[in-house]
Amino acid sequence: MADEAKPISPLKNLLAGGFGGMCLVFVGHPLDTVKVRLQTQPPSLPGQPPMYSGTFDCFQKTLVREGITGLYRGMAAPIIGVTPMFAVCFFGFGLGKKLQQKCPEDVLSYPQIFAAGMLSGVFTTGIMTPGERIKCLLQIQASSGETKYSGALDCAKKLYQESGIRGIYKGTVLTLMRDVPASGMYFMTYEWLKNILTPEGKSVSELSVPRILVAGGIAGIFNWAVAIPPDVLKSRFQTAPPGKYPNGFRDVLRELIQNEGVTSLYKGFNAVMIRAFPANAACFLGFEVAMKFLNWATPNL
């Protein structure tokens with residue numbers, strides 16, 4: 001079983017999740033920039049080396065050419081989007097758990113936790129898709145040498161002028177394909193690890209900071225192990241010129257496998273996994289700290 005019975009407050013999950021999301025962005029954005037640049041770099045010409053040979057090469061070249069600000073390129077979009085996105089994510093998870101309880105004392109099984117996590121993935125797509133679209137475009141434009149957008153708001157404005165709301169929400173289906181199963185894995189793994197790491201005779205709510213960091217970090221790794229292939233497809237699709245993939249993700253998948261093989265679906269794997277542990281450890285620690293504060297400040301919320 002996932003935890004001892006306790007009242008679930010989706011509203012507290014909403015507030016604490018927003019703070020957790022901010023912690024995740026600050027810790028994880030530099031390696032997210034590396035991940036997107038690796039995933040979207042063009043295939044190298046015969047006899048020529050690729051633009052980036054790997055995670056550390058991309059990190060080093062970005063740092064040398066653009067400074068520390070280059071690694072935080074496009075962070076405004078995820079900060080604006082991720083704070084409410086994680087708020088909605090944790091709200092959806094709390095609501096998903098609550099909907100499956102027949103009474104407040106019910107303890108949910110791990111499959112029920114997984115289902116609640118999948119619901120959170122559905123909830124976040126509406127916020128996540130435009131934020132990811134803008135972030136990816138800003139992250140790759142510096143490495144391409146073209147400066148089309150001056151910032152997140154300028155990018156959103158130009159996308160709307162060029163393609164309307166559909167242009168901003170390009171990649172919605174792929175975001176759903178990535179986030180629904182990955183979110184289920186994310187929350188189920190976190191709850192499972194919290195229970196495993198809780199000393200006998202102690203409550204899960206008394207878990208120490210290092211153990212929360214371990215549980216959150218490993219949950220992030222499990223999340224991305226599921227999410228990487230659709231994330232690669234999403235990054236390619238969202239940064240492609242209009243009309244390049246008329247049949248959506250099927251065209252992206254076909255092109256990737258034909259030109260670069262199945263392993264191309266795991267482009268950026270090292271960057272993702274290096275980022276996943278600290279970023280998600282910070283997220284869940286931020287969530288737990290905020291939740292404890294809310295339980296103390298507003299016990300009846």
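Helices, as named in these legends, are DSSP runs of at least four residues, numbered from the N terminus. The views below are all taken from a predicted model.

View 1. Although Met 118 and Ala 182 are 64 residues apart along the chain, their C-alpha atoms are separated by 7.5 Å.

**View 2. Helix α2 and its two sides.** Helix α2 is formed by residues 55–66, twelve residues in total, and the distance from its first C-alpha to its last is 16 Å, close to the 16 Å expected at 1.5 Å a residue. The buried residues of this helix are Thr 55, Asp 57, Cys 58, Thr 62 and Glu 66. They lie on the same side of α2, because the arc that they cover around the axis is only 165°. On the other side of α2 are the exposed residues Phe 56, Gln 60 and Val 64. Just after the helix comes Gly 67, which takes a positive phi of about 75°.

View 3. Helix α9 covers residues 249–260 and has twelve residues, with a reach of 16 Å from its first C-alpha to its last, which is close to the 16 Å expected at 1.5 Å a residue. Asp 251, Val 252 and Leu 256 are buried in this helix. Because they cover an arc of only 130° around the axis, they sit on the same side of α9. Arg 250 and Gln 258 are exposed, and they are carried on the face of α9 that is turned away from its buried side.

**View 4. The crossing of helices α1 and α10.** Helix α1, made of residues 10–40, and helix α10, made of residues 269–297, have axes that come within 7 Å and cross at roughly 165°. The two helices are therefore roughly antiparallel to each other, given that angles over 145 degrees fall in this class. Their crossing is right-handed. Sorted by class, the residues in the contact of α1 with α10 are 20 nonpolar, nine polar and four charged.

**View 5. Phe 284 in helix α10 and its separation from Glu 66.** Phe 284 is located in helix α10, where this phenylalanine is buried, with a relative accessible area of 1%. Glu 66, one of the buried residues of α2, is 218 residues from Phe 284 in sequence and 31 Å from it in space, C-alpha to C-alpha.

**View 6. Pro 229 in helix α8 and its separation from Ser 264.** Pro 229 is found in helix α8, which runs over residues 209–239, and this proline is buried, its relative accessible area being 16%. Along the chain Pro 229 and Ser 264 are 35 residues apart, while their C-alpha atoms are separated by 8.5 Å.

Technical notes:
Residues are numbered from 1 along each chain as its sequence is written. This is a predicted model: local features need pLDDT of at least 70, side-chain atom pairs count only at pLDDT 80 or more; totals for chains, interfaces and linings use all residues. Side-chain values use heavy atoms; hydrogens and water are left out. The expected span of a helix is 1.5 Å times one less than its number of residues. Buried means under 20% relative accessible area, exposed over 50%, partly exposed in between (1.4 Å probe, protein chains only). The arc is that of the directions from the helix axis to the C-beta atoms. Axes are lines fitted to C-alpha atoms, for helices over the stretch in contact, and angles run from 0 to 180 degrees between N-to-C directions. Angles under 35 degrees count as roughly parallel, over 145 as roughly antiparallel, 65 to 115 as roughly perpendicular and the rest as oblique. A crossing is left-handed if the near helix is turned anticlockwise from the far one by less than a right angle, and right-handed if clockwise. Ala, Val, Leu, Ile, Met, Phe, Trp, Tyr, Cys and Pro count as nonpolar, Asp, Glu, Lys and Arg as charged, and the others, Gly among them, as polar.
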